[in-house]
Amino acid sequence: MTVTLEFHGAAGTVTGSCYRVVHPHGQFLVDCGMFQGNRTVRDLNYKPTPFDPHRIDFVLLTHAHIDHCGLLPKLYHNGFAGPMWMTPPTSGLLEYLLLDAAGIQESETEQENRKLARKNEPLLQPLYTIEDAQETLKHREMVDYQTWITPGPGVRARYWNAGHILGSASIEVEVADNDGSTVTLLFSGDIGPDEKVFYKDPEAPAGFDYILCESTYGGRERDDYTLAQRREALKNEINEALGRGGNLVIPAFAVERSQELLHDIGLLIKEGSINPSLVFLDSPLASKVTAVYKKYASMFAETDLTADELFNDPRFRIVESVEESKAINSIRGGAIILSASGMADAGRIKHHLRNNLPRANATVLFVGYQAPGTLGQIIQSGAREVRIHGEEVPVRARVRSLGNYSAHADHSELMAWIRERLPAHGAIFLTHGEDEERAALRAALVTSGIGGDQVVMPMLDDAFELRASGVASVSRPEIQRIDPAQLAVDWHMAYAQFLIQLGDVIKGADSDTRRLAVMTSLQRQLNALNAPVTTPVMPAVTETIHAEPSGE
């Protein structure tokens, strides 16, 4: 038996991080994350794992983001009973994040079951429960940065600061092969940018057999890169938004993004650069996470605010109760409202969007990546109407994006991180990115002189037999859990976007005659659905609206 590396997530997607290493002495996972994004991708969370959880010896966890840890309760529920290793700050964050994720699973299942009960249809079970999350938390084991551990026979591991979020790590792993040799791997986790408010630059040694590197921002560079430029851009967005007379709504992840924004907003207020009436952080989870950040503030690099000033401006309101959250709806202008989730897919942000999107003087500011199919991505793409809590909500608010708050390294930083880790004697695996981004990073690596065969873009559930000198073989399962073509887009998303576009076309017609012409043209194509479809529907509909009425 040799060492095998299998990619059970974050292979063709930005989420669902999960890598399995099978070796002569057992097997283990690095991360066990939840899939997020369009419905086809999310459905992977409910499918059986392509391995037996009972046979996993331990888990090495890079950090506490749900797309890296969110399926741990499912893993334990299905029979895994081993320890999971992480840094102390990750342990502190996990205590709140897993319970919150379990609460969301139970709540969403309860809502769906009410609909099913009215139809006399079978009820659903949540992906996992709060009880599952509580059981999971009993198995935490902590490790400090740059300290070797032996989590199981034949395996050594060491954690390095990844500069991504509080406690995040790249993990160096040595695995004993059956011939007495050792295979060395470096799992990047998520790599943070060179300039961060709280952390030093990412760290890790050089020289491995295999490097697994995230590629979220492959091919993309951020503007306004320095912290000073970023704050200047934020200042301008805030002043322009509040100058319109409405509120500024910022969907923000409860972990890291909220704390960075509070830091920068507090600093801008201190400097007199902005003057909001109030700043709300409306998220019980973000409130708890902020307390963890305060606990481990001694690990931060030097910041522009003192420990007493950090997160403590008099205008800040950390909102936890439902009553306090609802009271924000009465404020029609002058406030900054930060609320989770960052992609607007769940949580209290949806209430604030429903309340502010119809207001022409309001502003919605996105400060991070919006995965395909999420509410945030649909709003960001220019939809004139979105569906929130079962209602159609018009989008009249000004929609803006500020990409330089990403916790991920951009293209140049990823390239630099990889170069500093070389040589990679076997291969460089590009993970945790959409295919376009992965391909861009791969092309840049090949152009820089790394052999094309050495830079690999694994797909979901691919398995690589590893030798210290290189990949011995690669296999792909006969039955795939998902069609690779549907990783980025699926018919659910296409259908929703089609309806939005169709509605815009019909509403934009300047007469009832033209609206009827549009619908007549569409009806003709619907009647011909049994024939092969050679052209998309929407171009024909759009052409009709610009043509003279046919009189039909």
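Ala 81 touches Tyr 76 and His 139, leaving aside residues up to four places away in sequence. The structure is a predicted model, and in it Ala 81 sits in the loop that runs between helix H3 (72-77) and strand E5 (84-86). With a relative accessibility of 58%, Ala 81 counts as exposed. His 411 is 330 residues away from Ala 81 along the chain, and their C-alpha atoms are separated by 38 Å.

Arg 398 gives another local picture. Arg 398 is part of strand E19, which covers residues 398-401. Its relative accessible area is 15%, and because the limit for a buried residue is under 20%, Arg 398 counts as buried. Beyond four places in sequence, Arg 398 touches Glu 237, Glu 240, Arg 244, Ala 362, Thr 363 and Val 364. One of these contacts, Val 364, is 34 residues from Arg 398 in sequence, with a C-alpha to C-alpha distance of 6.2 Å.

**Overall form**

The protein has 16 helices and 23 strands. For 552 residues, a compact globule would have a radius of gyration near 24 Å; the protein has 25 Å, which agrees. Along the principal axes, the C-alpha atoms fill a box of roughly 80 × 65 × 55 Å. Of the 552 residues, 55% count as buried. Among contacts between residues at least 6 apart in sequence, 74% join residues at least 24 apart.

The accessible surface comes to about 23,100 Å², and carbon and sulfur atoms account for 50% of that area. The side chains include 51 positive and 72 negative ones, and the centres of the two sets lie 6 Å apart.

**Confidence**

The mean pLDDT of the protein is 89, and 92% of the residues reach 70 or more. Over residues 532-552 pLDDT stays under 50, and for this stretch the model has 30 contacts beyond four places in sequence.

**Backbone exceptions**

Most residues other than glycine have a negative phi, and most peptide bonds are trans. The table lists places in this model that depart from that pattern.

| Site | Feature | Angle |
|---|---|---|
| Ala 340 and Ser 341 | cis peptide bond | omega about 15 degrees |
| Leu 422 and Pro 423 | cis peptide bond | omega about 10 degrees |
| Ala 10 | positive phi, not glycine | phi near 50 degrees |
| Asp 461 | positive phi, not glycine | phi about 75 degrees |

Pro 423 is in the loop between helix H12 (411-421) and strand E20 (424-431).

Is Ala 10 buried or exposed? Ala 10 has a relative accessible area of 0% and is therefore buried. Asp 461 has a relative accessible area of 9%, so this residue counts as buried.

Key: Residues are numbered from 1 along each chain as its sequence is written. Side-chain values use heavy atoms; hydrogens and water are left out. Helices (H or I, at least four residues) and strands (E, at least two) are DSSP runs, numbered from the N terminus. The radius of gyration is taken over C-alpha atoms; the globule rule is 2.2 Å times the number of residues to the power 0.38. Buried means under 20% relative accessible area, exposed over 50%, partly exposed in between (1.4 Å probe, protein chains only). Contact means heavy atoms within 4.5 Å. Accessible areas come from the Shrake-Rupley method with a 1.4 Å probe; for residues, only the protein chains shown count as cover. Lys and Arg count as positive and Asp and Glu as negative; His and the chain ends are not counted. The place of a charge is taken as NZ of Lys, CZ of Arg, CG of Asp or CD of Glu. pLDDT is the predictor's confidence in each residue, from 0 to 100.
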